[in-house]
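Q: Please go through this structure with me. I want each label set against its cut-off.

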Amino acid sequence: MSSSSLSNPTLSTPFIGHNLRLNQNTKDGINCFPSLRRHGVPRCAVDMPYGGNAPTFPRIRVWDPYKRLGISPYASEEEIWSARNFLLEQYAGHERSEESIEAAFEKLLMASFQHRKKTKINLKSRLKKKVEESPPWIKNLLNFVELPPMEVIFRRLFLFAFMGGWSIMNSSEGGPAFQVAVSLAACIYFLNEKTKSLGRAFVIGLGALATGWICGSIFVPMIPTVLIHPTWTLELLTSLVAYAFLFLACTFLK
């Protein structure tokens, strides 16, 4: 540097000020220029638009998750997974697009899970579907059968199970004739409430008792004696089978 410039401090002042401005605008190795700021140009690399050059998912704001993923409302779970994977691959790198695709996918997956859960719990719907897929002769046969509420099933099951336990407890004192008569009366009462016809209820009740007694007389002797309590007679075991038939008749028959 010449001696004239050293003797005149005004010549060095602009260079010092310029260096100070460069130092103020240079942070962490990123050059940010005020001249670009005036023209609306991003000042540095961290000010680039969100997502960079990644394509934007065009259906981000579509509310229906099926339409957002571009699939049919009747699409299977495999089709939902395929659509999700394809769209994530197409719009990878754009965070809002990925979040929108994942949100629609999670909604459909949760709806599918709830539907499967209801299908498993709702036994009546499952039986109805099986009936619709069965042959005509089975449909005609099942027209005489109905599925009552679970509360009714459990109450009647408890009643006839109590009759069976009562018969077993009194097996040493005598036969189960009284318990069988009470069970038959209860069966006829329940059937009459359902059919509003005492004659029909009486016929169904006697038919269930006779069928159960005959089946018990045939199959009970086939049971190995080692599985039967020594004090349990053939009459007692046959009455237990009859209770089961009476329960089925008054609970599931129309």
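Q: What makes a residue of this protein count as buried, and what share of the 254 residues does so?
A: Buried means under 20% relative accessible area, exposed means over 50%, and partly exposed is what lies in between (1.4 Å probe, protein chains only). By that rule 25% of the 254 residues are buried. The model is predicted: local features need pLDDT of at least 70, side-chain atom pairs count only at pLDDT 80 or more, and totals for chains, interfaces and linings use all residues. Residues are numbered from 1 along each chain as its sequence is written, and side-chain values use heavy atoms, with hydrogens and water left out.

Q: How many helices and strands does the protein have, and what makes a stretch count as one?
A: The protein has twelve helices and two strands. Both are DSSP runs, numbered from the N terminus: helices are H or I with at least four residues, strands are E with at least two. Along the sequence the pattern reads α-α-β-β-α-α-α-α-α-α-α-α-α-α.

Q: What share of the contacts in the protein with a separation of 6 or more joins residues 24 or more positions apart?
A: The share is 63%. Contact means heavy atoms within 4.5 Å.

Q: Why is α10 called roughly parallel to α12?
A: Two packed helices are described by the angle between their axes and the distance between the axes. Helix α10 (residues 177-195) and helix α12 (residues 234-252) have axes that come within 8 Å and cross at roughly 10°. Angles under 35 degrees count as roughly parallel, over 145 as roughly antiparallel, 65 to 115 as roughly perpendicular and the rest as oblique. So α10 is roughly parallel to α12. The axes are lines fitted to C-alpha atoms, for helices over the stretch in contact, and angles run from 0 to 180 degrees between N-to-C directions.

Q: Which residues make the contact of α10 with α12, and how do they divide by class?
A: From α10 come Q179, V180, S183, L184, C187, F190, L191 and K194. From α12 come S239, Y243, L246, A249, C250, T251 and F252. By class there are ten nonpolar, four polar and one charged residues. Ala, Val, Leu, Ile, Met, Phe, Trp, Tyr, Cys and Pro count as nonpolar, Asp, Glu, Lys and Arg as charged, and the others, Gly among them, as polar.

Q: What makes E102 and R84 a salt bridge?
A: The definition asks for a side-chain nitrogen of Lys or Arg within 4 Å of a carboxyl oxygen of Asp or Glu. E102 and R84 meet at 2.8 Å, N to O. E102 sits in helix α6 (residues 95-121) and R84 in helix α5 (residues 77-90), 18 residues apart. R84 is buried at 19% relative accessible area, while E102 is partly exposed at 22%.

Q: How many salt bridges does the structure hold?
A: It holds two. E146 also pairs with K194, with the closest N and O atoms 3.5 Å apart. The two are 48 residues apart, E146 in the loop between α8 (136-142) and α9 (150-169), K194 in helix α10. E146 is partly exposed at 30% relative accessibility, and K194 is partly exposed at 26%.

Q: Is L108 buried or exposed?
A: L108 has 4% relative accessibility, so it counts as buried. Its place is in helix α6. L108 touches P65, Y66, L69, I71 and I80, not counting residues up to four places away in sequence.

Q: What is the phi of K196, and why is K196 called exposed?
A: Most residues other than glycine have a negative phi. K196 is not a glycine, yet its phi is positive, about 60°. K196 lies in the loop between α10 and α11 (198-219). Its relative accessible area is 70%, so K196 is exposed.
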